[in-house]
Amino acid sequence: LHLHAGRLFDFRALARPLVAAFPADVDFVVTNAAGCGSALKEYGHWLPGGEADTFAAKVRDVSEVLAEAELDLAPLPVTVTYHDPCHLVHGQGVKFPPRALLRRIPGLRLLELADSELCCGSAGIYNVQQPEMAGELARRKVERIRESGARTVVSGNPGCLLQIAQESRRQGFELEVLHPVELLGRALRDEKGAQG
């Protein structure tokens, strides 16, 4: 959020110790928040020196890792749609892994969302700095979700989840708003074969 706000001194003061906290032999740094992942993948740009470049190259969104993981999934009969967080699809170029992960869940029906790649209005701190425009973007996003026919929307960024949930409540539209990992958790079987 410091980077979003243009507070580069504060951002760098927090980012340098974060990079130093990870041992060099770590294969991946996995994040479950699209905005954070986008910033982490840009550390090489914002922090001069090779350590930040090496760190940034290891950053992966959780959907990139789990889409290829061996998972024991039970059927989950639910219809969902997926909203692309701007920082994931545009900032990181990650579009297909979240959908691939969701499609691995037996019984899940994934409906494509019209204008999925358009911002929901959260955009880091945009919803705080420009609430009127952010509200209009949220209104449009929830309208597209309503048009999809799904009553569950999935997105990999906490800001998007909060923005969409708030707008759906404002509209009186009953909508379940989840992170992909929450939905995956419902379908996972434990070591005894019991579901989520």
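Modeller: The account below takes helix α9 as its subject and then turns to the elements around it.

This is a predicted model, in which local features need pLDDT of at least 70 and side-chain atom pairs count only at pLDDT 80 or more, while totals for chains, interfaces and linings use all residues. Residues are numbered from 1 along each chain as its sequence is written, and side-chain values use heavy atoms, with hydrogens and water left out.

Helices (H or I, at least four residues) and strands (E, at least two) are DSSP runs, numbered from the N terminus. Helix α9 covers residues 131-148, 18 residues in total. From its first C-alpha to its last, α9 reaches 25 Å, close to the 26 Å expected at 1.5 Å a residue; the expected span is 1.5 Å times one less than the number of residues.

A residue is called buried under 20% relative accessible area, exposed over 50%, and partly exposed in between, with a 1.4 Å probe and protein chains only. In α9, the buried residues are A134, A138, K141, V142, R144, I145 and S148. Viewed down the axis of α9, these residues fall within an arc of 155°, so they line one face of the helix. The arc is that of the directions from the helix axis to the C-beta atoms. On the face of α9 turned away from the buried side are the exposed residues E132 and E147. After α9 comes G149, which has a positive phi, near 90°.

What do the buried residues of α9 pack against? Their partners are β3 (79-82), β4 (109-111), α8 (126-129), β5 (152-154) and α10 (158-171). Contact here means heavy atoms within 4.5 Å. Not counting residues up to four places away in sequence, S168 touches V142, F173 and L175; V142 is itself among the buried residues of α9.

The strands β3, β4 and β5 belong to an open sheet of four strands, in the order β4-β3-β5-β6, with parallel pairing. Its edge strands are β4 and β6 (176-178), each of which pairs on one side only. From one strand to the next, the twist averages 30°; axes are lines fitted to C-alpha atoms, for helices over the stretch in contact, and angles run from 0 to 180 degrees between N-to-C directions. Two strands pair if DSSP finds at least two bridges between them. Three bridges join β3 to β4, and two join β3 to β5. T81 stands opposite L111 in β4 and also opposite V153 in β5, whereas Y82 stands opposite V154 in β5.

A nonpolar core is a set of buried Ala, Val, Leu, Ile, Met, Phe, Trp, Tyr and Cys residues joined through side-chain atoms within 4.5 Å. The largest such core has 20 residues, of which L102, I105, L108 and L183 touch the most other members. To this core α5 (62-66), β3, α7 (96-103) and α11 (180-187) each supply at least two residues. With three residues, α11 gives the most. Neighbours within four places in sequence aside, L183 is in contact with L76, V78, V80, L102, I105, L108, V154 and L178.
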